[in-house]
Amino acid sequence: MTVFQPLPAANDSGHRFDAGRRWAASISLGFDVRPDGDKTATRMTHVRHQGPLRVQRPLYPEGRNGCCHVYLLHPPGGLVSGDALSIQARVGEGAHTLLTTPAAAKLYKADSHGVAWAQHTHLTVEKGGTLEYLPQETLAFDGSRGEQSTTIELATGAQCIGWEILALGRPASKLPFVSGHLEQKFRLLMDGRPLWLERQPMDPNHPRFKGHWGQGGATVQATLWVVGLDDEADAIEELRETLPANHRWAVTRRRGVVLLRYLGQERNEAWAICQQAWELLRPRLTGQPASVPRIWLT
């Protein structure tokens with residue numbers, strides 16, 4: 001179980017944390033291959049949680065010996081000033097796990113003192129293991145202040161596909177993201193060596209936010225990554241030929257990581273592109289057709 005340490009009064013981005021006011025929650029999951037008759041199967045072998053962050057039970061929509069689907073539940077539905085979430089998951093050797101969420105996460109406006117929230121995700125995949133990390137989108141309301149970090153540690157021979165989708169403000173309610181500050185950090189490692197490191201501050205008052213050389217005023221962004229493909233060039237070509245052609249997305253590869261990026265204004269479009277890309281890439285990665293989690297359809 002994660003032990004929370006006192007958070008500093010402020011970090012290097014200027015976020016202020018108040019340890020006495022936060023609602024901490026953590027979850028730690030482990031998945032391993034276990035005998036199942038004359039076959040083997042991925043089973044959830046470890047789960048510990050603290051506070052309002054948990055899972056109900058593993059699901060096997062692809063059969064008892066198929067991928068283990070798990071839904072991460074956060075009953076409050078969003079983060080407010082002082083909240084601190086910690087998510088840890090380990091996928092053991094040869095195991096195959098899909099992690100998703102039942103609904104979009106919401107990042108609410110900071111309180112009058114500007115106290116930030118924090119969410120840290122740490123995922124580990126051992127040799128021969130496969131992780132699909134496919135959370136539903138994150139919605140950041142105007143005035144939200146906080147920090148998200150995602151670290152994925154892979155062993156040689158591990159496979160991983162995942163995405164992060166972020167929508168800023170509530171355009172339909174004419175409430176754009178015009179204040180607040182978000183910072184996203186991403187670390188993807190192979191045997192402890194970095195494959196992809198990224199840090200992205202989002203401040204609507206910074207020239208980068210509206211500049212064409214930066215975010216260009218876009219309110220929705222998404223990144224999909226995949227590690228472990230045998231045919232990266234062919235996969236990229238199929239994505240370019242199959243996905244709807246427009247200037248809002250692009251795909252490339254670097255150091256064994258295939259990256260698809262979206263930058264635009266439509267949350268549904270970003271989700272549709274990421275889901276379609278996953279449905280194309282999953283068979284190449286795992287040899288199994290995409291099995292859409294039922295929770296996405298409710």
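**A glutamine in a loop**

Mentor: Let me begin with Gln-136, which counts as buried at 15% relative accessibility, and please keep in mind that this is a predicted model.

Trainee: Where is Gln-136 found?

Mentor: Gln-136 sits in the loop that runs between strand S9 (130-134) and strand S10 (138-140).

Trainee: And which residues does Gln-136 touch?

Mentor: Leaving aside residues up to four places away in sequence, Gln-136 touches Thr-100, Thr-101, Pro-102, Ala-103 and Ala-104, and also Trp-271, Ile-295 and Trp-296. As for Pro-102, its backbone oxygen lies 3.2 Å from a polar atom of the Gln-136 side chain.

Trainee: Switching to helix H2, which of its residues are buried?

Mentor: In H2, which spans residues 232-242, the buried ones are Glu-232, Ala-235, Ile-236 and Leu-239. Viewed down the helix axis, these buried residues fall within an arc of 100°, so they line one face of H2.

Trainee: What covers them?

Mentor: The cover over the buried residues of H2 includes strand S16 (249-254), strand S17 (257-264) and helix H3 (267-286).

Trainee: New topic: how many disulfides does a search of the whole structure find?

Mentor: The search finds zero. For Cys-68, which is in no disulfide, the nearest cysteine sulfur is that of Cys-67, 6.8 Å away, whereas a disulfide would need the two sulfur atoms within 2.5 Å.

Trainee: What about Cys-274, is that residue buried or exposed?

Mentor: Cys-274 is buried, with a relative accessible area of 0%, and Cys-274 is likewise in no disulfide, the nearest cysteine sulfur being that of Cys-160 at 14 Å.

Methods
Residues numbered from 1 in each chain as written. Predicted model: local features only at pLDDT ≥ 70, side-chain atom pairs only at ≥ 80, totals over all residues. Heavy atoms only, no water. Buried < 20%, exposed > 50% of the residue type's maximum accessible area, 1.4 Å probe, protein only. Helix = DSSP H or I, 4+ residues; strand = E, 2+ residues; numbered from the N terminus. Arc of directions from axis to C-beta. Contact = heavy atoms within 4.5 Å. Polar contact = N/O pair within 3.5 Å; in protein donor to acceptor, adjacent residues only side chain to side chain.
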